[in-house]
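Dear colleague,

Please find below the structure that I am handing over to you. My notes on it follow directly after.

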Amino acid sequence: MTATPYLGVHCETTATGTLLGAVGCDLPEALLFGLGEAFGFVYLNLSSLPLGFLGGRSKPFDLTEAACRNLGLTCTSTETTSTTRSWERLVDLLADGPVGLQLDCYYLPYFEHAPHFAGHFLAATGLDGDVVEVVDTVQQGTLQRVARDAIQAARHAKGPMSAKARTYTISGTAATDLGAAVLSAIKATATSYLSPAFAGIGAQGIAKVGKILPRWAGSPAEDLRLMADLMERAGTGGALFRNLYRDFLDEAASLVPRHAPEILEARDHIATSAQGWTRIADLIERCADDGDAAHLIEAAALCGPIAEAEVAAMRILADL
């Protein structure tokens, strides 16, 4: 198997897309995101992040497992607390093709000012001595090289969303009936969104953020800028994942033509949500620039309409 670098804007779809390409399954990122049943929302008060965590998708690795399930592929994942065994396993697996890794991006040398976030993914594609050749998102330059010490520190980091040096590989032949796979993924995503496990998930989580946003007034400008950047360009919370799901629904409408009108109606609601999240990120950045708390109050007022748009979309999709 060979690995062609996957050009993606989200870390897990980029890593998993690289592995899928090696088994002959080349999918656009938006389609992979949707097949991974990844659309969602969660607000968590994490001490590792100064303003908490806004997640715009399912928890780490759920995307990969769901995408492989929907595509009829086998995903094999292993974890270990041993740094020796984790390195040996990576070396062994790389002999057969690319390997997905979950790790903490804080330790990756090509990241600038990265917070601790152990839910980051990349694909390892080769070794040059003790240097690992990897594929990351286009924002991070796609092709990078990471020394053994750094990548092992990242793999064995502890904390929220961490795994025990998770490695994963994908094998098999993908299903050819993408329409059926897409429809299954859509309904599962909608059902999950509309049945939150706790108050920080889904529309309830967005409403919670609306209450919290004004409290960020007076926060250090660098913390506000980091949050705005993560929301808009890293997918943590806002528009990036909404844009991916909007584009997925465009693809889905052509793959499931009998439901195209309903899917496109839901797509318009998701587009509205994405625009709202972009506006929130912009207002947070403006507050960082001038310190005016009114920007955060305006941002908070957008959370209600965003939640309503997302619920409307998911109700349509759940009924397909």
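Helices (H or I, at least four residues) and strands (E, at least two) are DSSP runs, numbered from the N terminus, and axes are lines fitted to C-alpha atoms, for helices over the stretch in contact, with angles from 0 to 180 degrees between N-to-C directions. This is a predicted model, in which local features need pLDDT of at least 70 and side-chain atom pairs count only at pLDDT 80 or more, whereas totals for chains, interfaces and linings use all residues. Residues are numbered from 1 along each chain as its sequence is written, and side-chain values use heavy atoms, without hydrogens and water.

The protein chain contains 11 helices and eight strands. Its radius of gyration (taken over C-alpha atoms) is 19 Å, close to the 20 Å that the globule rule (2.2 Å times the number of residues to the power 0.38) gives for 320 residues, so the chain is as compact as a globular protein of that length. The C-alpha atoms fill a box of roughly 55 × 50 × 30 Å along the principal axes. Of the 320 residues, 54% count as buried (under 20% relative accessible area, 1.4 Å probe, protein chains only).

The axes of α1 (residues 11–22) and α3 (residues 62–71) come within 10 Å and cross at roughly 35°. Contact (heavy atoms within 4.5 Å) is made by E12, T13, T16 and L20 of α1 with D62, L63, T64 and L71 of α3.

Note on methods: Buried < 20%, exposed > 50% of the residue type's maximum accessible area, 1.4 Å probe, protein only.
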